[in-house]
Amino acid sequence: MIDKKEQLLDAAEELFSEHGFEGTTTRMLAKESGMNIAMVSYYFGSKEKLFEALVESRAGALRDKLITINEREIDAWEKIELIIDYYVDKIFSNRCFHRILHREMTLQQRPELNENISKILAKNRNEVIKIIKEGQKNGDFKQVDAEYTMASLVGTISHIVHVSGIDLLSASSINKSAEEKMKVRLKKHLRELLKAHLCID
C-alpha cells in the first residue's frame, strides 16, 4: 500500500523544483499526487508545513547516514572521506531537492520557513562538525573553524551543481558518463582540499 504522505512529498518535490514555492499551488499538489485538495491540509496543514516536512524527510535520510558514519570504528579522516563521497553522490542524485533548498534559502522571502529549514539542516551539519572536533581532540586535525569547514564542503558541491556554468539541472545537458567523471574529479578535489586544510602532517 502506498503511503499517502510520502506520495504527497514526492509530488511536492517535483512541483516545487519545477515551479518554485510560489508557483506551486495546492491544486497542483493534489492533482500531481492523485488526491483531493483537502488531503494536503489534512496531512500537513499548509503548503509551508508541507515544504518543511519535505526538507525534514530528505535531510533526515542523510542524517541517518551521517550518524552511521560517525559511529564507525575508524579514524576521523576516514570518516571525512566517506562523508565527501556521500555528500557528492547525494547532492548529484537529488538535484531536484537541492535545487528547491538553494532557491528558497537564497530568496529569503519567508523568514519563518527559512529559519525552520536552517534548524533542520543544522542537525546534519552538526554531525559533520562532531567528526571534525573529534579529529581535533585526537590531535589528527588542525584547530580550524569546524563550521566554516563544513560550509566549504557543502558550498563547493552546491556551487558545481547550481551556480557554475555547467548546467546539471537540465537532463539533456550532460550524459551519465560525463557526470560520473565530474563526480570523481570533485571528490578528488575535496579530498585534497580538506586534507590540506584539516590534517596535521
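So, to start: is valine 154 buried, exposed or partly exposed? Keep in mind that this is a predicted model. Valine 154 comes out as partly exposed, because its relative accessible area is 25% and buried would need under 20%. Valine 154 sits in helix α8, residues 146-163. If you take glycine 139, 15 residues away along the chain, its C-alpha is 24 Å from the C-alpha of valine 154.

Setting aside neighbours within four places in sequence, leucine 153 touches Ile83, Ile84, Tyr87, Leu190 and Leu194. Leucine 153 is also among the residues with the most contacts inside the largest nonpolar core, a group that includes Ile80, Phe141 and Leu198 too. That core has 30 residues. Two or more residues each come from α4, α5 (76-93), α7 (111-137), α8 and α9 (176-198). The top contributor is α5, with ten residues.

There's a second, separate core as well, with 21 residues, including Leu8, Phe44, Leu50 and Phe51. As a general point, nonpolar side chains tend to be buried together in soluble globular proteins.

Okay, Phe51 takes us to the aromatics. The model has four aromatic pairs. One of them joins phenylalanine 21 and phenylalanine 51, edge-to-face, with 5.7 Å between centres and 75° between planes. This pair bridges distant parts of the chain: phenylalanine 21 is in helix α1 (residues 4-23) and phenylalanine 51 is in helix α4 (residues 47-70), 30 residues apart. Phenylalanine 21 and phenylalanine 51 are both buried.

Now compare tyrosine 42 and tyrosine 43. Their ring centres are 5.0 Å apart and the planes meet at 75°, so that's edge-to-face. But tyrosine 42 is exposed, at 63% relative accessibility, while tyrosine 43 is partly exposed at 24%.

Ring pairs tie Phe16, Phe21 and Phe51 into a cluster. And lysine 47 lies over the face of phenylalanine 21, 4.5 Å from the ring centre.

Last stop, helix α6, residues 95-107. How far apart are its end C-alpha atoms? They are 18 Å apart, and 13 residues at 1.5 Å a residue should span 18 Å, so the two agree. Just past the end of α6, glutamine 108 has a positive phi of about 55°.

Conventions. Residues numbered from 1 in each chain as written. Predicted model: local features only at pLDDT ≥ 70, side-chain atom pairs only at ≥ 80, totals over all residues. Heavy atoms only, no water. Phe/Tyr/Trp six-rings, centres within 6.5 Å; stacked < 30°, edge-to-face > 60°. Helix = DSSP H or I, 4+ residues; strand = E, 2+ residues; numbered from the N terminus. Buried < 20%, exposed > 50% of the residue type's maximum accessible area, 1.4 Å probe, protein only. Lys NZ or Arg CZ within 6 Å of the ring centre and 35° of its normal. Expected span 1.5 Å × (residues − 1). Core = buried A, V, L, I, M, F, W, Y, C linked by side-chain atoms within 4.5 Å. Contact = heavy atoms within 4.5 Å.
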